[in-house]
Every structure is written in structure tokens, then in C-alpha cells.
Amino acid sequence: MNAHVKDRFSNKLSSLKLAFDQHTARKDRYKKILAKAAHTSSHEILESVFDLKNGISPTDLLNIGKQLTNAGTWIGHSYLRYLISHANFKHDGNKPSRSEEEEVILDHLINNIPLNERYSHSEIFKTIYNEREFQHYYPNYKSPLRIPKTNITMVLISGVFNEIFSTAAFERGAAHMSENLGVKYFAADVHGSKDSDHNSELIKEQLDQYILENPNEKLWLFCFSKGGVDSLRFLNRYSDFANRHVVGFSAVASPILGSDHINNKLISTISKIHELKDSKIYHLINERGGILAKAFQDSLSSTHQRVWFRKNHKTLPKNPFYSAVAFEASWYESHLWMMLTKIIFKSAKSNDGIVDAENALFPSYFNGLNLGILKGHHLVGTRSSFYCQEALLESHIIIFKYLGLLD
């Protein structure tokens with residue numbers, strides 16, 4: 001066997017070994033996700049059952065039903081992905097494929113060299129995210145891009161109807177940050193069916209209490225969907241508090257400029273229910289939820305929110321930084337519920353199933369960090385989602401540190 005043939009054989013063997021190692025790494029990753037889903041779900045359900053020793057109320061039964069449904073979804077989804085991982089032999093190499101521009105960006109990030117506006121914030125952020133995502137999907141790959149330490153406390157602020165899920169949006173990613181980087185976090189208790197003025201007061205009450213107990217901590221508001229709109233109302237109302245205690249505001253898939261879907265004919269039809277505002281049925285539904293309230297719909301409507309942001313952006317507190325990330329997904333890439341919303345709320349614009357991407361980013365007249373549009377549907381923040389929440393949060397920390405926005 002000549003040297004050329006030996007080299008080809010050796011390279012082929014190395015490539016096969018690498019493919020096998022990465023296949024094993026992917027299976028191990030999904031096995032760990034399945035184990036975590038089973039362990040966490042069973043623990044939560046047992047705790048709920050033990051809490052019933054003093055009697056069972058309709059609310060208790062509703063909560064247990066919700067937990068069983070969420071647990072079944074999480075475990076079933078995880079088990080399916082684990083089974084699929086056994087047959088997935090896709091080989092992407094031991095390093096992510098990068099363009100020349102991405103290599104330059106990574107070199108500057110790794111060595112903390114200023115890019116001097118050579119690339120946009122979205123180009124830098126996407127390069128970081130792709131690198132961190134590859135590291136999570138292929139644990140055998142050792143990325144030279146490190147995640148810096150930070151002393152900020154994350155405040156998770158969720159969106160509409162998050163109460164149907166067992167955890168706040170992106171709490172799985174936040175738990176990863178806490179376990180691996182020591183980042184503190186807590187989830188603010190907001191009402192998904194209440195308007196933004198109502199939730200802004202809830203946010204203020206909870207942050208007041210947190211700062212009272214932790215006076216030296218700096219807060220980073222990590223807001224999903226309508227949680228971003230609620231938080232903007234809070235920041236605008238309580239700018240003095242924010243300038244003292246809030247280091248930054250990050251919106252993820254938030255209708256910063258509203259959602260055009262609220263102006264959809266179906267929603268317009270529902271809005272006509274307000275003509276029945278003097279009826280008992282209207283008040284009963286509205287007291288239980290609030291979604292019928294015009295103020296709730298205004299919190300999401302592009303017609304109202306776009307005007308609100310233009311009118312109020314100059315009075316937002318100046319000390320915090322502001323960032324935004326949007327998602328986009330084709331209907332066939334989406335969660336089942338997102339497929340339905342894409343059918344009902346048709347939009348010719350890039351969107352995640354709920355929010356048009358252009359409305360989830362800051363307008364040109366506002367000095368915010370538009371971190372770009374990533375692939376993903378509107379429900380990637382749920383704990384049963386296989387979207388790499390961990391990479392998303394890590395990428396935020398890396399770029400904020402690099403830009404000097406975090407200590």
C-alpha cells in the first residue's frame with residue numbers, strides 16, 4: 001500500500017471516528033435532556049400531590065392537570081428526540097463552518113480587540129450564537145470563545161398566557177446560566193391576560209421588594225413577547241428606579257412596535273364584543289382574564305404600540321442598555337400551535353408565527369442594539385423546546401461584555 005493510499009485510508013478512518021464520536025455525543029445530550037425532563041416532572045407532580053393533604057380544591061385539580069399535561073408533552077417530546085438521535089448520523093465536522101468575516105469577528109472577540117463598527121451588532125451576535133450553539137450540539141468540540149463572568153441578576157418577564165406553562169419563558173436557559181456561570185435569576189409574576197399598565201405595576205412591586213432584600217445587585221430585564229412591552233411601560237413610568245438598579249433591557253420576540261395580527265379581521269371581530277360591555281357575561285369573562293379589555297389589545301396592537309413607542313422613547317431611562325432579537329420560521333418549521341397561527345394570521349412579512357420580525361426590532365430613530373433575526377418560532381422559550389436557549393443567553397452575555405455594557 002503506497003503512502004497516498006495510506007493517507008486517504010487514515011483520513012477516512014479519522015472522519016468515520018469523528019462522525020461516530022459526534023453521533024454518540026448527540027445521543028448523550030438528548031439522553032440527559034430526557035432524564036432531566038422525567039426527573040423534574042415527577043418531582044413537581046409529587047410535590048403537588050403531597051400539598052393536597054389538607055384537601056382538594058378545583059384550583060388544585062386544575063394545577064395538577066396542567067402539570068400532567070406539560071410533563072407529558074416535555075417527556076414525550078424528549079423521548080422522541082432521543083429516539084431520532086439514534087438514527088441521525090449527520091456529520092458536520094469537528095468545527096463549525098465559518099465565513100471569512102465570521103473568522104475575523106471571532107478573532108476580535110476572543111482577543112478582545114475592538115471591531116470599530118466594521119460589522120453590525122447583528123453580524124457579531126449571529127457569529128457568537130452560531131459558535132455557542134455548535135458547542136452545545138457537539139460537546140466534543142472545544143470552542144475558543146469563552147463565556148465571561150458577570151454579577152448581574154436576570155429578571156425573566158414572560159408574555160401572554162405563560163401561565164399555561166410550568167415555568168417562565170427561557171427559564172431552562174436561565175437555570176443553565178445559574179448552574180454553570182453562577183448568574184442569579186428570578187421570574188417576575190406577571191399576568192399574561194392583563195394589559196401592560198397593570199403588569200408594569202406588578203413588575204415595580206416585585207423589583208422594589210427584591211432590591212430591598214438585595215440592595216447591591218444590578219438587574220437585567222430579559223423579556224419575552226408581551227413581557228417586553230410590559231417592561232417598557234415599567235421603565236418609562238419608573239425611570240429613576242431603572243437608572244439606579246437596571247443595567248439593561250433585552251427583548252426577545254417582543255412586539256416592540258406592536259403585532260399586526262391584533263389588527264387581523266378575526267381579532268377585529270372579537271373586539272366587537274366590547275359592544276356588550278354592559279352585559280354580565282362580558283364582565284364575568286373580563287374579570288377572570290382581562291383579554292377582552294381594550295387596554296390589553298392596545299398593549300399588542302401595532303396601531304397603538306407603534307405610536308406609543310415613538311411618543312415615549314425619549315423618556316425611557318438613559319442608563320440601561322436596550323437590545324432586541326427577533327425570530328422567523330416557516331410554517332413547517334414551527335410548533336403545532338405556531339402552524340395554526342400562521343394559517344389564521346397570515347403575513348407576507350418574516351415572522352415567528354405571532355410577531356413580525358421587523359416589529360420585534362427597534363426603529364432606526366432609537367439608539368438600541370438590534371441583534372438580528374434568528375431562526376425559531378414563537379414558543380422556543382418553553383422548557384420542552386429543543387431550541388438552544390442556553391446558547392441564546394450565553395450569546396447575550398458575551399456581546400454585552402465585549403461592548404462594555406456589563407461589569
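This is a predicted model: local features need pLDDT of at least 70, side-chain atom pairs count only at pLDDT 80 or more; totals for chains, interfaces and linings use all residues.
Biologist: What share of the residues in the chain is buried?
Modeller: Buried here means under 20% relative accessible area, exposed means over 50%, and partly exposed lies in between, with a 1.4 Å probe and protein chains only. The chain has 14 helices and 6 strands, where helices (H or I, at least four residues) and strands (E, at least two) are DSSP runs numbered from the N terminus. Of the 407 residues in the chain, the buried share is 50%.

Biologist: Which class of aromatic pair do F234 and Y238 form?
Modeller: Rings of Phe, Tyr and Trp (its six-membered ring) pair if their centres lie within 6.5 Å, and planes under 30 degrees apart count as stacked, over 60 as edge-to-face and the rest as tilted. The structure holds 18 such aromatic pairs. F234 and Y238 stand 6.0 Å centre to centre with 40 degrees between the planes, and the pair is therefore tilted.

Biologist: How many residues apart are Y322 and F366?
Modeller: The ring centres of Y322 and F366 are 5.4 Å apart and their planes stand at 80 degrees, so this pair is edge-to-face. Both Y322 and F366 are buried. Y322 belongs to strand β5 (residues 321–328) and F366 to the loop between α13 (336–344) and β6 (369–375), so that the pair links distant parts of the chain, with a separation of 44 residues.

Biologist: Over which ring does the charged end of R233 sit?
Modeller: A charge sits over a ring if NZ of Lys or CZ of Arg is within 6 Å of the ring centre and within 35 degrees of the ring normal. K204 lies over the face of Y238 at 4.9 Å from the ring centre. For R233, 4.3 Å from the ring centre, the ring is that of W308.

Biologist: At about what angle do α5 and α14 pack?
Modeller: Axes are lines fitted to C-alpha atoms, for helices over the stretch in contact, and angles run from 0 to 180 degrees between N-to-C directions. Helix α4 (residues 121–137) packs on helix α14 (residues 389–402) at about 135 degrees, with the axes 8 Å apart. For α5 (residues 171–181) and α14, the axes are 8 Å apart and the angle is about 60 degrees.

Biologist: Which residues does N370 touch, leaving aside those up to four places away in sequence?
Modeller: N370 lies in strand β6 and is partly exposed, with a relative accessible area of 25%. The C-alpha atoms of N370 and S122 are separated by 6.3 Å, although these residues are 248 apart along the chain. With contact meaning heavy atoms within 4.5 Å, the residues that N370 touches are H121, S122, A324, L361 and F362.

Technical notes:
Residues are numbered from 1 along each chain as its sequence is written. Side-chain values use heavy atoms; hydrogens and water are left out.
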